Amino acid sequence: MSSKPLLLLTWAACCAAMLAACAPVNLNEGPEEGFTSRMVTVLNRLSESGKSRVMEEMGQTAGRRLVFSRTSGTVWSASVTQSSRNRARGQGRLVRRRIWENRIIDARYEGAHLVFDYRNPASRVRGTTARMPAAPGYRVAVASVPGVAGWKGVEYFVINRAGGWYYSVLLSDIRDNDDDDYMALGVWFWLGDLDNPGDLRKPHVTAVASGSDPFETRNRDALKGQVTYEGYAAGVYAAKEGTPTFRYFKADVRLTADFDGKRVWGVIVNGADTSTGEALFGKMELKSGPMRPGIRMPATTLFQSRLDGTVDGVSLAGNWGGRFFGNGDLPTDLPTSVGGTFGAGSAGDAKVTFIGSIAAYRAEAGRRKNLAPYVVSR
């Protein structure tokens, strides 16, 4: 008997289990102890081949260059996107990138409930968590994430028009609808039609960081000094030899912005499973990257570079980057926060990989935000 029918039967069995786990959820439902992502639960119920395919896409995401949204002519937030869908083709000077994912996340309140609107200018697709999706979709409030006080969000699962199963975890530090300087982070996993064992379309993975007050300066040379930004990272971690394979994690972040040398670098430390508190990794280096104006956004300041480190003796590498947010009263005021994305994976075998988003804050910006919940633990 060929291996393909066995694979399809296994996939079908996983789908049945996942359908049972994905019943609609009331937005008012309280969180469990810690934070256990339903999205990650679904990923862990995939077949071994399904898990490998998702991990491969996470590794692809880690190596992708970042995409930055334009801010002129729109009332939407600015964003940074890192996605396995944004593939480059060609060699040398002939390399061309087709941008499929360039997501932007806006956060707002409807009554007491936090909701997210999102859109993808690259494909003109947009959506919102304000509406409960049709079954087996779900929407569940994330009242808190351990170690990330002041942030909350929504988990959202919807079957899109292409018949794909779209899972997301979206978080924000927005206080209320009068908050004009907030950030929003998210990860998306598209898994194809899990009701159809014959649907072998490739999954894709995307990480996004958005902010409502993108930093703009037309006098870049006026920004001086070295500034530390501290905050946190959140995303999905996967290890082939781990149990479970996929975990939602949080970590601490410390970034240094050198406005004299026009470079940014930092570290991600203390990576831990948000469900169990188990340590996943100790330290990942965010290599120094140059600040630069956007090609079509000369008033913005963007950066990206490499990331590397070691987890359980496995060397990891990938890309990271971001942009500045939070404008002051004067043109020479330094940005109050940084948002970005990152990804790392082991070369060749994809034994370990993770992707996620970053939010970090300048300590002197305490007037704008209560920074106590975001300071890196020591």
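This is a predicted model: local features need pLDDT of at least 70, side-chain atom pairs count only at pLDDT 80 or more; totals for chains, interfaces and linings use all residues.
## Rings, a barrel and a covered strand

Phe259 and Phe324 are both buried.

**Aromatic pairs**

Searching the whole structure turns up 18 aromatic pairs. One of them joins Phe249 and Phe354 in an edge-to-face arrangement, with 5.7 Å centre to centre and 80° between the planes. Phe249 belongs to strand β14 (residues 246–258) and Phe354 to strand β20 (residues 352–362), so this pair ties together parts that are 105 residues apart in sequence. Phe249 is buried, with a relative accessible area of 0%, and Phe354 is buried too, also at 0%.

Back to Phe259 and Phe324: why does their pair count as tilted? The ring centres are 5.5 Å apart and the planes meet at 45°, and a pair is called tilted because its angle falls between the 30 degrees limit for stacked and the 60 degrees limit for edge-to-face. Phe259 sits in the loop between β14 and β15 (263–273), while Phe324 is in strand β18 (residues 314–325), so parts 65 residues apart in sequence get tied together here. Both rings also belong to a cluster that ring pairs link up, made of Tyr229, Phe259, Phe303, Trp320 and Phe324.

| Arginine | Ring below | Distance to ring centre |
|---|---|---|
| Arg38 | Tyr138 | 5.9 Å |
| Arg103 | Trp188 | 4.5 Å |

**The barrel**

Which strands make up the closed barrel? Eight of them, running β13-β14-β15-β16-β17-β18-β19-β20 with antiparallel pairing. On average, neighbouring strands of this sheet are turned by 20° against each other, direction ignored. Helix α3 (residues 48–63) packs on the sheet and touches β13 (226–239), β14, β18, β19 and β20. The direction of α3 makes about 45° with that of β20.

**Strand β19 up close**

Strand β19 (residues 337–346) pairs with β20 in the antiparallel sense over nine bridges, and with β18, again antiparallel, over eight bridges. On the β20 side, Ser337 stands opposite Tyr361, and the bridge partner of Val338 is Ala360.

How many of the residues of β19 are buried? The count is 10 of 10. Ser337, Gly339, Thr341, Gly343 and Gly345 point one way from the strand, Val338, Gly340, Phe342, Ala344 and Ser346 point the other way, and all are buried.

**Elsewhere, and the whole chain**

Val140 has its place in strand β8 (residues 138–142). Its relative accessible area is 8%, so Val140 counts as buried. Tyr156 is 16 residues away from Val140 in sequence, and the C-alpha to C-alpha distance between them is 6.7 Å.

Zooming out, the protein chain has three helices and 20 strands. Of its 378 residues, 56% are buried. Among contacts between residues at least 6 apart in sequence, 60% join residues at least 24 apart. The chain exposes about 16,300 Å², and carbon and sulfur atoms supply 50% of that area.

Notes: Residues are numbered from 1 along each chain as its sequence is written. Side-chain values use heavy atoms; hydrogens and water are left out. Helices (H or I, at least four residues) and strands (E, at least two) are DSSP runs, numbered from the N terminus. Buried means under 20% relative accessible area, exposed over 50%, partly exposed in between (1.4 Å probe, protein chains only). Rings of Phe, Tyr and Trp (its six-membered ring) pair if their centres lie within 6.5 Å; planes under 30 degrees apart count as stacked, over 60 as edge-to-face and the rest as tilted. A charge sits over a ring if NZ of Lys or CZ of Arg is within 6 Å of the ring centre and within 35 degrees of the ring normal. Two strands pair if DSSP finds at least two bridges between them. Axes are lines fitted to C-alpha atoms, for helices over the stretch in contact, and angles run from 0 to 180 degrees between N-to-C directions. Contact means heavy atoms within 4.5 Å. Accessible areas come from the Shrake-Rupley method with a 1.4 Å probe; for residues, only the protein chains shown count as cover.
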